[in-house]
Amino acid sequence: MKKKVLFLIHALGAGGAEKILVNIANGMDKEKFDVTIMTVVNTGVFRTHIDDTVKYKYIFNLPFKKKNKAKAKEPGNLLSKYDPKVQFIAKLYTIMWKFMPVKLFYKLMIREKYDVEIAFLEGICAKIINGSSNKNSKKISWIHVDMINHKKSEAVFTNLNSERKCYENFDKIICVSKNVRDQFIKKFNYDTNKVEIKYNPVDKNDIIKKSKEEVIDLIKPNKFVFCTVGRLVTQKGYDRLLRVHNRLIKEGLDYELWIVGEGNKRPLLEQYIEENNLSDSIKLLGFKENPYKYIKLSDSFVCSSRAEGFSTVASEAVILGKPIVTVNCSGMHELLGENNEYGLVVDNNEDSLYEGMKRILLDKKLYEDYLSKVKERESIFDYNVAIKNIEELC
């Protein structure tokens, strides 16, 4: 008999965890597993990437939609975060989850019985699965971020003790990198035997295939290009990346910066670009279904994130053979070597990012060394092995 597996995630927007979840669900052996993805909110571009062999369910529909047709293709299709109505709803939503009787909520919303219940994100998803009335199910929580430095999930718990008790009710905690595991154990003084590391499955063949697609909306200039991919949100640090870029351009370094992604910080980024006359050297490309061809066309990948778990897009840049300069967030040394053998990892602050990008631009030997070495790291990404390891959890 097939095992029934439920993956619960908040939404399927254009994020790394969302992409990874769809990869996992699609890749699992359907002769052994009956797989369901359930979202708390019915939104996100990756809904269209779910195979027919995977069931999709949701708990809530969105209360508001964008009226501007020109923005209809943006991930999530939500009204602006700065809209007062949306801000009010968001505050109520957070308060609701903080005091929600989760056992009752689970009973009303998760009606079907599953053999394995997986909270694929921290916070709300963990809280819902924690309320499970199914005593026979195996319960797994998937941790994607450094929970000491990334505190967003704390907003849905009344205090640290209630958050700790939530995770204590899981049979297994899965962390996406060693640093994420270490920080989780440190924050909650958690039983180390229940916490495992599972690297995200990355489909090398699919990434390489899509990277070969022609870029028709952009012409690569006859100069160096840094590329980055991610949501335009505070966590990704694009505000400081733009300030670093401004410093480098003012020093006379001639290159372009491409940012692939969409998010609520776009207006502020656009304002900074306009005020500092950077429109000739920065391209905000928006969300792209296929970001790989833009990474492939560039010369180097840059990561400015304030926090990560194990960067999916940095892994993808490795597969595409792009030298990487990144601030030191979780997983980067696991990916690029403790001594920067396969890419340049700098301290997680603005000045260090500035120095790192400057080195890549000016030190041709360093760049060429990383260009030749980075592809060696793609061997750590074996999609089939990663999926098999995840199936064994169930």
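Leaving aside neighbours within four places in sequence, which residues is Thr36 in contact with? The contacts of Thr36 are Val5, Leu6, Phe7, Lys55, Lys57 and Tyr114, where contact means heavy atoms within 4.5 Å. Thr36 is found in strand S2 (residues 33–41). Thr36 counts as buried, at 2% relative accessibility. Buried means under 20% relative accessible area, exposed over 50%, and partly exposed in between (1.4 Å probe, protein chains only).

The model is predicted: local features need pLDDT of at least 70, side-chain atom pairs count only at pLDDT 80 or more, and totals for chains, interfaces and linings use all residues. Residues are numbered from 1 along each chain as its sequence is written, and side-chain values use heavy atoms, with hydrogens and water left out.

The protein has 15 helices and 13 strands. Helices (H or I, at least four residues) and strands (E, at least two) are DSSP runs, numbered from the N terminus. The radius of gyration is 21 Å, close to the 21 Å given by the globule rule for 394 residues, so the protein is as compact as a globular protein of that length. This radius is taken over C-alpha atoms, and the rule is 2.2 Å times the number of residues to the power 0.38. Along the principal axes, the C-alpha atoms fill a box of roughly 65 × 45 × 40 Å. Of the 394 residues, 55% count as buried. Among contacts with a separation of 6 or more, 69% join residues 24 or more positions apart.

Helix H9 spans residues 266–275, and its buried residues are Arg266, Leu269 and Ile273. Seen down the axis of H9, these buried residues fall within an arc of 65°, so they line one face of the helix. The arc is that of the directions from the helix axis to the C-beta atoms. An α-helix has 3.6 residues a turn, so residues three or four places apart point the same way. On the other side of H9, Glu274 and Glu275 are exposed. The cover over the buried residues of H9 includes helix H8 (238–250) and strand S10 (282–286). Asn277 follows H9 and has a positive phi, near 50°.

Thr234 lies in the loop between strand S8 (224–229) and H8. Thr234 counts as partly exposed, at 45% relative accessibility. Leaving aside neighbours within four places in sequence, Thr234 is in contact with Lys265 and Arg306. Thr234 and Lys265 are 31 residues apart along the chain, and their C-alpha atoms are separated by 7.2 Å.
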